[in-house]
Amino acid sequence: MQQYSISPVLWLQRKDTKGYCRVKIRVTVNRKQTYLHTPKKLKPGQWDEKKKKAVGIPNVDKVNALLRKIVSDVENTVVTRLLEGGEITARFLRGGSSRE
């Protein structure tokens, strides 16, 4: 059985001109990582790395609820694929066709 983990991360490697970084979903399967985009951007001070959630912004509850929903949707996709006996690949997670 494939081992996996799913968590939101603040992508600090690339900031826009206003200093915002994209929140991405990191999916690790058998020690191989891929990152999925989310529509959210935050400044580094608006992200709690330990708790993996947004802090100190207006509508923080809505932002964190959106991120939890995205993580939940990805996890449901992974679990469904594993139950069907399929492989989890980056191409599959990004919605592309998979030959496995």
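1. Arg-26 lies opposite Tyr-35 of strand S3. Strand S2, residues 21-29, pairs with S3 in the antiparallel sense over eight bridges; strands count as paired if DSSP finds at least two bridges between them. Strands (E, at least two residues) and helices (H or I, at least four) are DSSP runs, numbered from the N terminus.

2. The model is predicted: local features need pLDDT of at least 70 and side-chain atom pairs count only at pLDDT 80 or more, whereas totals for chains, interfaces and linings use all residues. Residues are numbered from 1 along each chain as its sequence is written, and side-chain values use heavy atoms, with hydrogens and water left out.

3. The three strands form an open sheet in the order S1-S2-S3, with antiparallel pairing. Strands S1 (4-15) and S3 (32-42) each have a single partner strand and stand at the edges, so one side of each lacks a neighbour in the sheet. On average, neighbouring strands are turned by 30° against each other, direction ignored. Helix H1, residues 60-83, packs on this sheet and touches S1, S2 and S3; its direction makes about 130° with that of S1. Axes are lines fitted to C-alpha atoms, for helices over the stretch in contact, and angles run from 0 to 180 degrees between N-to-C directions.

4. In the hairpin of S2 and S3, two residues stand between the strands, and Asn-30 takes a positive phi near 50°.

5. Trp-11 belongs to strand S1. Neighbours within four places in sequence aside, Trp-11 is in contact (heavy atoms within 4.5 Å) with Cys-21, Arg-22, Lys-24 and Tyr-35. Trp-11 and Tyr-35 are 24 residues apart in sequence, with a C-alpha to C-alpha distance of 9.5 Å.

6. The whole structure contains three salt bridges, each defined as a side-chain nitrogen of Lys or Arg within 4 Å of a carboxyl oxygen of Asp or Glu. One joins Lys-41 to Asp-16, with the closest N and O atoms 3.8 Å apart. This pair links distant parts of the chain, as Lys-41 is in strand S3 and Asp-16 in the loop between S1 and S2, 25 residues apart. Lys-41 is partly exposed at 37% relative accessible area, as is Asp-16 at 29%; buried means under 20%, exposed over 50%, and partly exposed in between (1.4 Å probe, protein chains only).

7. Lys-52 and Glu-49 form a salt bridge at 2.5 Å, N to O. Lys-69 and Asp-73 do likewise at 2.9 Å, N to O; because they are four residues apart in helix H1, about one helical turn separates them.
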